[in-house]
Amino acid sequence: MNQDELVNAIISEVKRVLAQRGITVGASDGGKQISALPPSPVQTAGGPTAAVVPSSAIGITDMSGKQVITQKDLEPYKGQAITVGAKAVITPLAVDYAREKKITISRTAPASGQKADHAQAPADGVSVALTVSPDFKGDGSMLKTLLAAKHLGVKDATGGTYEAGVKKVAEAVASGSVNFGICLENTGMEAPIFANRNSRIRAVHCRDTMEARAARIDIGANVIVLDSTSNPEAIISGFTGL
């Protein structure tokens, strides 16, 4: 789909939503002119193309003041449209929930001179469940340091058997007490088997940035598994957009 087709599709969808609400585009509503300006496409960091929607658009919930968008933030808005800030962090679970509940998420236009990415946006309030295999030969503690540098809180599920640790990660993610999970092991094969026994979990073994982005955007993964040969920073950055 080219840019013109995307713009026309968005305009048509806005008109459809307005029509459902009994509002005719171009007509006045209580003396106020209803505007249907065409959105402009904008590429989000590590995510699909989003649209810039006028703040005056009817039927769109404005969440541009929030720095972090989580699943809980989206739960009241099933089937609706929301607009978020140009540099807001949208957690993987929120992306997954929006897709499932048909919530349209659009970004506001970046301020003049700003880039459209959100690499520097703080992620306070985003938490991660983490477990490291007991037989992992590398430095498992480096993940905590890396996550802390990205302002991600860590709930450590390491301890006992690795299978038990992965189960704790899956339960924490499924319950919503954390935003996503990370498992670190030698091969990357065990954790997906253990975690995916939980019907609410999509655990994927990721080896590079491209796979991490695809896991989040295309598959809706909420647990990522790293092996001893992977680059944790590249994978976590690709998965979270941070």
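Reader: Hi! Taking two strands as paired once DSSP finds at least two bridges between them, how many bridges join strand β7 to β9?

Author: Four bridges join β7, residues 81-84, to β9. This is a predicted model, by the way.

Reader: Do those two run parallel or antiparallel?

Author: Parallel. Within β9, the residue opposite Ala-81 is Thr-104.

Reader: And what's the strand order of the sheet?

Author: The order is β5-β7-β9, in an open sheet of three strands with parallel pairing. At the edges sit β5 (60-63) and β9 (104-107), each of which pairs on one side only.

Reader: How many degrees are neighbouring strands turned against each other?

Author: On average 25 degrees, ignoring direction.

Reader: Nice. Zooming out, how many helices and strands does the chain have?

Author: The chain has eight helices and 14 strands. Of its 242 residues, 45% count as buried. Looking at contacts between residues at least 6 apart in sequence, 59% join residues at least 24 apart.

Reader: OK, the largest nonpolar core. Which residues touch the most other members?

Author: Leu-143, Ile-182 and Ile-224 do, out of 25 residues in that core. At least two residues each come from β10 (127-132), α4 (142-149), β12 (180-184), α7 (209-219), β14 (223-226) and α8 (232-240). As a general point, nonpolar side chains tend to be buried together in soluble globular proteins.

Reader: What is Ile-182 in contact with, leaving aside neighbours within four places in sequence?

Author: Its partners include Val-128, Ala-129, Leu-130 and Thr-131, and also Leu-143 and Leu-147. Val-169, Ile-224, Leu-226 and Ile-236 are in contact with Ile-182 too. Apart from this core lies another one of 19 residues, with Ala-170, Ala-174, Ala-203 and Val-223 among them.

Reader: Switching topic: how many salt bridges are there?

Author: The count comes to four. One of them pairs Arg-197 with Glu-163, with the closest N and O atoms 2.7 Å apart. Arg-197 is in the loop between α6 and β13 (203-205), while Glu-163 belongs to helix α5 (residues 162-175), so the pair ties together parts 34 residues apart in sequence.

Reader: Is Arg-197 buried or exposed?

Author: Arg-197 counts as exposed, because its relative accessibility is 56% and the cut-off for exposed is over 50%. Glu-163, at 39%, counts as partly exposed.

Reader: Which residue does Glu-100 form a salt bridge with?

Author: That's Lys-101, with 3.8 Å between the closest N and O atoms. Glu-100 is exposed at 54% relative accessible area, whereas Lys-101 is partly exposed at 26%. There's also a salt bridge between the side chains of Glu-211 and Arg-207, at 3.0 Å from N to O, and Glu-211 is partly exposed with a relative accessible area of 21%.

Reader: Last thing, confidence. What pLDDT does the chain average?

Author: The chain averages 76, and 72% of the residues score at least 70.

Key. Residues numbered from 1 in each chain as written. Predicted model: local features only at pLDDT ≥ 70, side-chain atom pairs only at ≥ 80, totals over all residues. Heavy atoms only, no water. Core = buried A, V, L, I, M, F, W, Y, C linked by side-chain atoms within 4.5 Å. Buried < 20%, exposed > 50% of the residue type's maximum accessible area, 1.4 Å probe, protein only. Contact = heavy atoms within 4.5 Å. Pairing = 2+ DSSP bridges. Axes fitted to C-alpha atoms, helices over the stretch in contact; angles between N-to-C directions. pLDDT = per-residue confidence, 0-100.
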